[in-house]
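Take a look at the model, try each task, and then walk through the solution.

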Amino acid sequence: MATVAVQTAERENYLNTEYGIRSWLLTTDHKRIALLYLLAITFFFFIGGFFALIIRLELLTPAGDLVQADTYNKMFTMHGQVMVFFFLIPAVPAVLGNFLIPIMIGAKDLAFPRINLFSWYLLMVGGVLMMYTILTGGVDTGWTFYTPLSTAFLNTHVVTAALAIFIAGFSSILTGLNFIVTVHRMRAPGMTWSRLPLFVWANYATSIIQVLGTPVLAISLMLVALDRVFHFGFFDPQRGGDPLLFQHLFWFYSHPAVYIMILPGMGVVSEIVTCFARKRIFGYKFMALALIAIAVLGFLVWAHHMFVAGISLYAGLAFSLLSYFVAVPSAIKVFNWTATMYKGSISYATPMLYAFGFIGLFTMGGLTGLFLAALGIDVHVTDTYFIIAHFHYIMVGGMVMAYLGGMHFWWPKISGRMYPEGWGKLAAMIIFVGFNLTFFPQFVLGYLGMPRRYWQYKPEFQVLNVLSTAGSTILAVGYLLPMAYFLWSMRYGKPAPDNPWNAAGLEWTTPSPPPTFNFEETPKVTWEAYNYDQIKEAPVE
Amino acid sequence: MFETFPLWPQRASSMAGNVDALFIFLLALCGFMCIAIFIMILVFAARYRRTKGREAEQIEGSNALELTWTGVPLLIFLGIFVWGAVIYFMERTPPDDSAEIYTVAKQWMWKFQHLEGQREINELHVPVGRDVKMIMTSQDVIHSFYVPAFRIKQDVLPGRYTVTWFRATKAGTYHLFCAEYCGTAHSGMIGEVVVMEPAQYEQWLSGGPAAPLAETGKQLFMSLGCSTCHRFDTQGRGPNLVGIYGKPAELEDGRTVIADDNYIRESILNPHAKIVAGFKPIMPVFQGLVSEEQLNALLAYIKSLSQPPQGTAGTRNTPSTSPSGQQQMIQVQ
């Protein structure tokens with residue numbers, strides 16, 4: 001990173017202001033910390049992706065022939081744990097949010113810069129423990145840690161894995177706290193709540209979930225560890241415990257965690273769609289309210305993961321109904337993004353291709369959620385590949401698309417360099433095709449009845465599994481491409497202008513890359529968000 | 001081709017059609033919505049692509065539109081909820097006169113006990129056209145009883161009974177899967193449900209030499225010493241168990257519980273949890289002393305006590321379990 005800074009050293013900015021490993025590891029600059037997160041989560045993304053490839057290769061044939069059953073179980077467990085806790089949850093908030101939120105609201109930094117650095121170290125401690133777990137034999141509980149399997153029946157590294165996630169959780173809590181205080185206290189003059197970019201609203205809503213939900217995850221993992229090490233028996237029916245109690249605690253966090261993983265992506269897409277359609281966002285207030293509504297309602301639907309788990313009939317009815325309520329604000333968002341494009345001036349730049357992809361795939365992920373919330377159907381398809389396909393459409397089709405879209409959109413600001421546009425478009429399309437080929441067949445597999453987490457399966461499921469595996473190799477190529485050309489662009493990319501997209505938003509009024517304290521003087525905001533009527537249109541490509 | 005590459009699961013229970021109907025409705029509805037949104041995006045992207053000399057037209061939003069696309073989806077969602085809930089209600093409510101089959105799941109096999117005495121592992125024989133209620137528990141971790149062709153799934157938990165039911169509609173052999181991850185050989189915890197025509201099923205039933213499950217339970221009831229206190233008169237130190245099944249029981253602390261499967265289970269394993277009013281907590285704890293299969297036999301025996309004494313052996317799915325039969329017993333008592 002330091003060598004890159006030399007290349008871009010025309011004027012002083014956050015990259016070239018200081019050099020050396022110390023200046024990075026002890027930095028309190030939110031932009032440098034964002035890059036620290038970027039390095040870490042990119043590493044974890046490829047670790048998690050490697051596990052996914054092993055899973056897909058094993059499933060090429062019905063027999064369990066590539067790896068042992070126990071190895072396979074470890075692969076899907078660690079794929080889930082690494083991707084959820086060490087990639088998806090930190091991805092947009094800790095990288096893009098960290099970098100952008102202070103700049104977007106006209107602040108010099110987050111409210112607690114040193115806590116921000118501490119949060120990164122917490123994620124690193126968790127990450128190192130996770131790597132230790134992986135390298136010393138792994139863990140095979142499933143990412144969900146269901147009891148009593150995890151507490152009494154496995155002899156893998158359950159406690160260290162739980163501890164790793166426990167510690168990483170505090171990173172998430174502190175980041176959320178930091179964002180909430182920053183948005184409340186650090187907005188520049190004139191930056192009212194109704195002028196905040198939706199990206200800030202989205203991260204604010206996410207932060208609320210992180211602060212309120214993550215402690216419950218910490219509690220449930222702590223109970224698993226206590227049960228396992230000291231045999232307290234919280235979840236052991238022989239000693240009066242209840243295995244379902246764990247599922248309630250776990251999903252009380254882990255369902256809202258789904259929204260931790262998708263809301264920031266929604267924020268990214270709102271920024272991209274407005275910029276590349278040159279439009280005010282359609283229905284700003286409804287878009288902001290929908291984000292908050294999802295965050296709040298998201299806390300009331302956890303037991304829809306448990307319709308066949310042994311909860312009462314009436315609990316099932318209540319949680320199904322509430323799940324339909326949380327679907328409404330998601331629908332509002334899709335309609336508003338679409339309406340924003342109406343009569344716009346639409347460019348097909350790479351970030352916009354990702355935004356198209358996001359809207360399409362998130363719509364499919366959301367609509368298949370309607371199937372799952374329907375009790376009668378859920379009984380048949382829960383714990384099958386239908387679920388796997390559904391949540392990958394939300395998390396990979398939605399969140400990873402949004403994350404990559406955002407990375408392309410703000411890369412000029414972050415690195416001071418342009419990425420190669422042609423390669424960008426190619427990668428976006430490869431990812432879209434590879435994604436659909438990987439996960440669409442899994443919907444069919446699920447309705448046919450193929451259970452998830454199966455090392456070997458019935459021969460009639462093979463054709464669809466082969467398709468899925470073929471798709472996953474295409475997807476892998478699609479993910480390696482941006483990695484390669486982003487690195488390439490740091491040295492060889494064209495220097496980026498301050499506002500390459502002629503985009504609205506304070507982050508585009510600062511130099512690329514920004515100086516350490518973001519602005520020469522604190523900006524005064526006199527305009528509404530997405531004032532594309534006042535900004536000169538980007539040149540036709 | 002479709003035998004090796006099916007795109008739709010087999011349909012072999014009375015519930016499958018209901019689930020498929022809603023699924024197809026949702027496919028049509030969501031497919032339509034999906035295509036509508038894709039077309040809008042594609043049309044907007046093509047029609048309003050950036051060209052020289054044309055600028056975007058700024059539109060603030062529209063409250064009328066927002067309310068429309070909040071309200072209309074909500075109403076549709078409520079409709080889907082009700083439809084899904086009706087099916088769930090049927091799935092969760094076994095008919096009163098269902099035949100009962102006891103199931104014990106363990107890492108990594110399925111064990112079945114028929115009331116007639118047959119015992120099976122990873123294979124379940126059932127007749128066409130009869131309602132069958134699965135009373136299930138696990139010896140170790142959580143498993144899940146899943147028969148895709150029946151569209152039913154129910155987690156099987158340690159320490160309690162969970163229930164599901166089905167009425168098979170087509171003879172044949174169908175997959176039985178464990179759907180809840182349960183450790184190393186999770187994907188090997190599979191079996192077959194063999195659905196037979198009633199006549200063949202009768203033949204299959206008569207093939208086994210085994211004693212009826214309730215009879216096994218009766219012998220256990222004697223050998224474990226239950227019968228010394230749980231006498232069939234009012235003189236026992238424990239409650240008389242005739243006719244108690246499915247009835248409310250008044251407890252020492254004033255609460256009332258229904259004496260269902262889970263209550264009887266708890267009262268055997270951990271009798272001091274809920275003491276029936278008027279009795280002392282003197283029963284020994286049987287936790288760890290009886291296996292799940294033995295518990296099932298005891299349960300089957302105690303349930304059979306609700307019926308006329310001669311009916312204990314081998315009755316299956318006869319109307320004698322109806323409330324009127326139980327009332328008669330209470331009068332006798």
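This is a predicted model: local features need pLDDT of at least 70, side-chain atom pairs count only at pLDDT 80 or more; totals for chains, interfaces and linings use all residues.

In which kind of crossing, left-handed or right-handed, does α9(A) pass α12(A)?

Residues are numbered from 1 along each chain as its sequence is written, and chains are lettered from A and ligands numbered from 1 in the order in which they are written.

**Solution 1**

- Step 1: Helices here are DSSP runs (H or I, at least four residues), numbered from the N terminus. The axes of α9(A) and α12(A) come within 9 Å and cross at roughly 125°. Such axes are lines fitted to C-alpha atoms over the stretch in contact, with angles from 0 to 180 degrees between N-to-C directions.
- Step 2: α9(A) and α12(A) are therefore oblique to each other (angles under 35 degrees count as roughly parallel, over 145 as roughly antiparallel, 65 to 115 as roughly perpendicular and the rest as oblique).
- Step 3: α9(A) passes α12(A) in a left-handed crossing (the near helix is turned anticlockwise from the far one by less than a right angle; clockwise would be right-handed).
- Step 4: On α9(A), the contact uses A:G265, A:V269, A:I272, A:V273 and A:F276, which meet A:P351, A:M352, A:A355, A:F358 and A:I359 of α12(A). Contact is counted when C-beta atoms, placed from the backbone, lie within 7 Å.

**Exercise 1.** Describe how α12(A) packs against α1(B).

- Step 1: The crossing of α12(A) past α1(B) is right-handed.
- Step 2: Among the residues that meet are A:F356, A:I359 and A:M364 in α12(A), and B:L26, B:M33 and B:F38 in α1(B).
- Step 3: By class, this contact holds 14 nonpolar, two polar and no charged residues. Ala, Val, Leu, Ile, Met, Phe, Trp, Tyr, Cys and Pro count as nonpolar, Asp, Glu, Lys and Arg as charged, and the others, Gly among them, as polar.

**Exercise 2.** How many residues of each chain take part in the contact between chain A and chain B?

- Step 1: 76 residues of chain A are in contact with 77 residues of chain B.
- Step 2: α11(A) gives the largest share of chain A's side, 14 residues.
- Step 3: That side of chain A has 47 nonpolar, 18 polar and 11 charged residues.

How values were computed. Two residues are in contact if their C-beta atoms, placed from the backbone, lie within 7 Å. Helices (H or I, at least four residues) and strands (E, at least two) are DSSP runs, numbered from the N terminus.
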